[in-house]
Amino acid sequence: MNADLVQLHEKARAALDPVHYDYYAGGVGDEVVLGENEAAFRRLALLPRVLRGRSTRAIGVDLPGGRLDLPVLIAPTAFHRLAHPDGELATARAAAAARTVLVSGVASTVAIADVVRAARAVDADAAVWFQLYPHPDEDVTECLVRRAERAGCTALVVTADSPVFGRHRRDAEHGFHDLPPGLAAENMRDLPGSPPGHVRDIEMSPLASWAHLDRLRELTSLPLWLKGVLHPRDAVLAVEHGVAGIVVSNHGGRQCDVAPAAVEALPAVVDAVAGRVPVVLDGGVRGGGDIALALALGAAAVGIGRPVLWGLAADGETGVARVLDILRDEFDHVLALCGGRHLADLTRDLVVTRGTGVLARCG
Ligand SMILES: Cc1cc2nc3c(=O)[nH]c(=O)nc-3n(C[C@H](O)[C@H](O)[C@H](O)COP(=O)(O)O)c2cc1C
Ligand SMILES: CCCCC(=O)C(=O)O
């Protein structure tokens with residue numbers, strides 16, 4: 001892991017209430033996948049190309065829903081005001097200043113309209129995407145989509161890996177079930193079927209299906225991303241159901257603990273999708289080398305979850321900005337060392353499995 005990010009993580013750990021630290025840091029079950037997401041990157045290596053005589057590099061990328069100045073976006077993570085009083089406002093400002101996308105979650109402690117406003121105050125063209133779970137009550141889902149549209153979000157991200165909540169042992173041991181007084185999931189306030197001012201629970205839908213995804217696609221003209229895909233056949237189905245992009249993710253090791261590391265699932269999904277839509281990877285990305293590996297295996301960009309929470313807890317907006325700076329700088333440096341000028345120079349033939357020197361098993 002990048003040493004500067006390790007320092008921010010330590011600063012965040014010291015600043016956070018240990019219960020909230022464990023909520024952010026923890027994973028499902030025995031936390032096997034949590035560890036594997038990072039460990040799998042350590043098992044991969046990149047073969048640098050030499051003597052390519054390049055002095056500058058282009059590392060921006062266009063995705064349905066927005067342009068990123070660096071191939072890193074902020075994955076949706078819940079409840080930022082547990083980390084810092086400014087919460088998602090700080091995250092949005094830092095993302096906008098770095099000219100990358102914040103995927104703002106339904107489980108945010110600031111309402112989506114205020115999140116987008118904060119981003120646009122920094123950069124009038126800032127792209128904020130809205131993430132939601134298919135709620136069992138489709139009127140609630142529709143209302144959330146309309147709120148995101150009215151707020152000015154430029155894409156919707158539907159998280160599919162959570163038909164039920166993952167069981168997090170650390171939270172159970174702490175008895176952590178509710179937000180502290182004064183904090184709420186603000187997007188869930190004043191929804192259909194609830195009295196004024198009431199904040200509904202965020203619910204998972206064990207019945208969520210491809211038909212729900214179709215209805216969502218019909219509901220909105222925003223580009224629709226599907227997050228939490230690991231099986232290549234689901235990736236093909238997602239394309240057939242009209243998604244604009246796919247996020248290969250195991251939810252940062254917080255849902256299914258027998259799932260593979262995200263980066264290990266990536267090549268087969270990329271092959272199945274065959275360039276029809278972009279594929280983003282999240283899970284365990286902790287430095288420029290990890291970004292380069294994911295891109296070489298076919299990701300268009302990566303998402304980061306916990307590193308942003310550590311930056312936020314350590315130093316608010318400045319801390320999130322620092323995380324993005326560190327990753328931008330280190331990725332650009334790795335690209336230079338690999339003889340790359342464009343993201344397209346990162347190709348799969350560069351990736352080998354450590355200890356064998358053999359091309360990484362792809363697909
Ligand atoms: C504390 C926390 C809360 C999260 N909340 C959500 C969420 O509300 N919706 C969602 O789709 N993913 C959520 N995720 C998963 C992230 O979007 C992302 O998949 C994951 O954090 C990436 O792994 P990383 O933390 O190793 O970078 C959450 C992750 C964490 C750590
Ligand atoms: C209640 C919102 C769910 C947040 C989430 O997805 C997570 O903690 O992983």
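**Loops, ligand shells and overall fold of a predicted complex**

Arg 99 lies in the loop between helix H4 (87–97) and strand E5 (102–105). Helices (H or I, at least four residues) and strands (E, at least two) are DSSP runs, numbered from the N terminus. The structure is a predicted model: local features need pLDDT of at least 70, side-chain atom pairs count only at pLDDT 80 or more, and totals for chains, interfaces and linings use all residues. Residues are numbered from 1 along each chain as its sequence is written, while chains are lettered from A and ligands numbered from 1 in the order in which they are written.

Arg 99 is not a glycine, yet its phi is positive, about 55°. Most residues other than glycine have a negative phi. Arg 99 counts as partly exposed because it has 18 C-beta neighbours inside 10 Å. The burial classes rest on C-beta atoms placed from the backbone: a residue is buried if 20 or more others lie within 10 Å of its own, exposed if 12 or fewer, and partly exposed in between. Ala 274 also has a positive phi without being a glycine, at about 50°. The loop that holds Ala 274 runs between H10 and strand E10 (279–282). Ala 274 has 10 C-beta neighbours inside 10 Å and therefore counts as exposed.

The protein chain averages a pLDDT of 96, and 98% of the residues score at least 70. Here pLDDT is the predictor's confidence in each residue, from 0 to 100. Where pLDDT is low, the predicted coordinates should not be read in detail. For the complex, the predictor gives an ipTM of 0.99 and a pTM of 0.97.

The protein chain contains 12 helices and 13 strands. Its C-alpha trace spans about 65 × 45 × 45 Å along the principal axes. Of the 363 residues, 51% count as buried. Among contacts with a separation of 6 or more, 74% join residues 24 or more positions apart. Two residues are in contact if their C-beta atoms, placed from the backbone, lie within 7 Å.

UniProt lists residues 1–356 for "domain: FMN hydroxy acid dehydrogenase" in an unreviewed entry. Over this range the chain is 41% helix and 13% strand. The end C-alpha atoms of the range are 22 Å apart. For "binding site", the unreviewed UniProt entry lists Tyr 23, Tyr 133, His 251 and Arg 254. UniProt positions follow the numbering used here, feature names are shortened, and annotations may be inferred rather than shown by experiment.

Two of these listed positions were examined further. His 251 sits in the loop between strand E9 (245–248) and helix H10 (262–273). Arg 254 is likewise found in the loop between E9 and H10. His 251 is buried because 24 other C-beta atoms lie within 10 Å. Arg 254 is buried, with 24 other C-beta atoms within 10 Å. Leaving aside neighbours within four places in sequence, His 251 contacts Asp 161, Ser 162 and Gly 228. Under the rule that residues up to four places away are not counted, Arg 254 touches Gly 27, Val 28, Gly 166 and His 168.

Ligand 2 is surrounded by Ala 78, Ala 107, Ile 202, His 251 and Arg 254. A residue is near a molecule if its C-beta atom, placed from the backbone, lies within 6 Å of it. The shell of ligand 2 has 3 nonpolar, 1 polar and 1 charged residues. In these classes, Ala, Val, Leu, Ile, Met, Phe, Trp, Tyr, Cys and Pro count as nonpolar, Asp, Glu, Lys and Arg as charged, and the others, Gly among them, as polar. Around ligand 1 there are 22 residues, of which Ala 75, Thr 159, Gly 252, Gly 305 and Arg 306 come nearest. The shell of ligand 1 divides into 7 nonpolar, 11 polar and 4 charged residues.

Helix H11 (residues 288–296) is mostly covered, with 9 of its 9 residues buried. Among them are Ile 291, Leu 293 and Leu 295. Gly 298 follows H11 and has a positive phi, near 115°. Leu 51 lies in the loop between strand E1 (44–46) and strand E2 (61–63). With 5 other C-beta atoms within 10 Å, Leu 51 is exposed. Leu 51 and Glu 31 are 20 residues apart in sequence and 43 Å apart in space, C-alpha to C-alpha.
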